[in-house]
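I opened this entry to keep a record of what I looked up in the model, item by item, with the cut-offs written beside the terms.

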Amino acid sequence: MKKGLFFALEGIDGSGKSTQLKLLADRLAAQGLACYPTQEPTNSPIGAMCRQFLSGAISLDSRTIAALFAADRLNHLLGEDGLCQQFQNGAVVLTDRYYFSNYAYQGVDVDLDWLIAVNRPAAQLLRPNLTIFLDVPPAKALERISASRQQLEVYEKEERLRAVRRQYLAAFAKLQAEENIAVIDADADAATVAGRIWQQIAGLL
Ligand code: TYD
């Protein structure tokens, strides 16, 4: 059966993931590759609940929101035309956030082993060929967010972003045997970062 490739972009808020996802999708398309760019939380009703939490409109226990992000992910994978289907069709699937976001953001309050167990079905369905972590200093990331938006989401505070970055690195260390991870210095202009990402991807195409 023809199968695709799956790349996940990760990073703290303001790390430039959305810009890089777009640049990467354009570059892949220019090479004639069928590309499927997407993001989590998704636009499904479950993703909409996640966003209500992020905006502060609803408050949820940390375990509840952790499970909700994981449910949104399963729906992303298994829904009609979902990630599994796209991958089976041979697309290069690019997602802005995947289960390492769950490990990093919810891992600040919730046990990491529990989060890994909750996401095991997702890992078994579709493990990224490569997870690309865009590493930027939290203070710099927050500067970028504040410059581009008036309203900050619940996680968009420097102390929190520092803790999230630490959790990312802890999760990468814990899962290094089963995951393929590239930590990229993303404290540079967009074209430079795009070049660094391409260096990691090109060998896998
Ligand atoms: P982000 O990726 O920056 O998207 P947007 O630009 O649309 O705001 O924000 C999504 C937020 O969701 C981010 O703060 C991280 C959070 N998140 C989690 O906490 N856990 C998860 O599992 C996922 C997928 C996202």
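**Backbone notes**

I began with R97, which I found in the loop between β3 (92-96) and α5 (99-105), where helices (H or I, at least four residues) and strands (E, at least two) are DSSP runs numbered from the N terminus. I noted that R97 has a positive phi of about 85 degrees although it is not a glycine.

Before going further I wrote down that this is a predicted model, in which local features need pLDDT of at least 70 and side-chain atom pairs count only at pLDDT 80 or more, while totals for chains, interfaces and linings use all residues. Residues are numbered from 1 along each chain as its sequence is written, and side-chain values use heavy atoms, with hydrogens and water left out.

I then looked up D81, another residue that is not a glycine and has a positive phi, here of about 60 degrees; D81 sits in the loop between α3 (62-78) and α4 (83-88). For P41, I recorded a cis peptide bond from E40 to P41, with omega near -5 degrees, and placed P41 in the loop between β2 (35-39) and α2 (45-55).

**Ligand surroundings**

I listed 15 residues around the ligand (a heavy atom within 4 Å), of which D13, R73, R97, Y105 and Q106 come nearest. Next I went through polar contacts, meaning pairs of N or O atoms within 3.5 Å; within protein, one atom must be able to donate a hydrogen and the other to accept it, and residues adjacent in sequence count only if both atoms are side-chain atoms. A polar side-chain atom of D13 is 2.9 Å from an oxygen atom of the ligand, and for K17 a polar side-chain atom lies 3.3 Å from a ligand oxygen atom. On the side of Q106, an N or O atom in the side chain is 2.8 Å from a nitrogen atom of the ligand.

**Helix pairs**

Two packed helices are described by the angle between their axes and the distance between the axes. The axes are lines fitted to C-alpha atoms, for helices over the stretch in contact, and angles run from 0 to 180 degrees between N-to-C directions.

For helix α1 (residues 17-30) and helix α10 (residues 190-202), I noted axes that come within 10 Å and cross at roughly 55 degrees. In contact (heavy atoms within 4.5 Å), T19, Q20, L23, L24, R27 and L28 of α1 meet A190, V193, A194, I197, W198 and I201 of α10. The residues of this contact of α1 with α10 divide into nine nonpolar, two polar and one charged, with Ala, Val, Leu, Ile, Met, Phe, Trp, Tyr, Cys and Pro counted as nonpolar, Asp, Glu, Lys and Arg as charged, and the others, Gly among them, as polar.

I turned next to helix α8 (residues 138-148) and helix α9 (residues 158-174), whose axes come within 9 Å and cross at roughly 130 degrees; α8 and α9 are therefore oblique to each other. Here P138, A139, L142 and I145 in α8 meet E158, L161, R162 and R165 in α9, and the residues of the contact of α8 with α9 divide into five nonpolar, no polar and three charged.

Lastly, I recorded that α2 and α3 pack at an angle of about 145 degrees, with their axes 8 Å apart.

Note on methods. Parallel < 35°, antiparallel > 145°, perpendicular 65-115°, else oblique.
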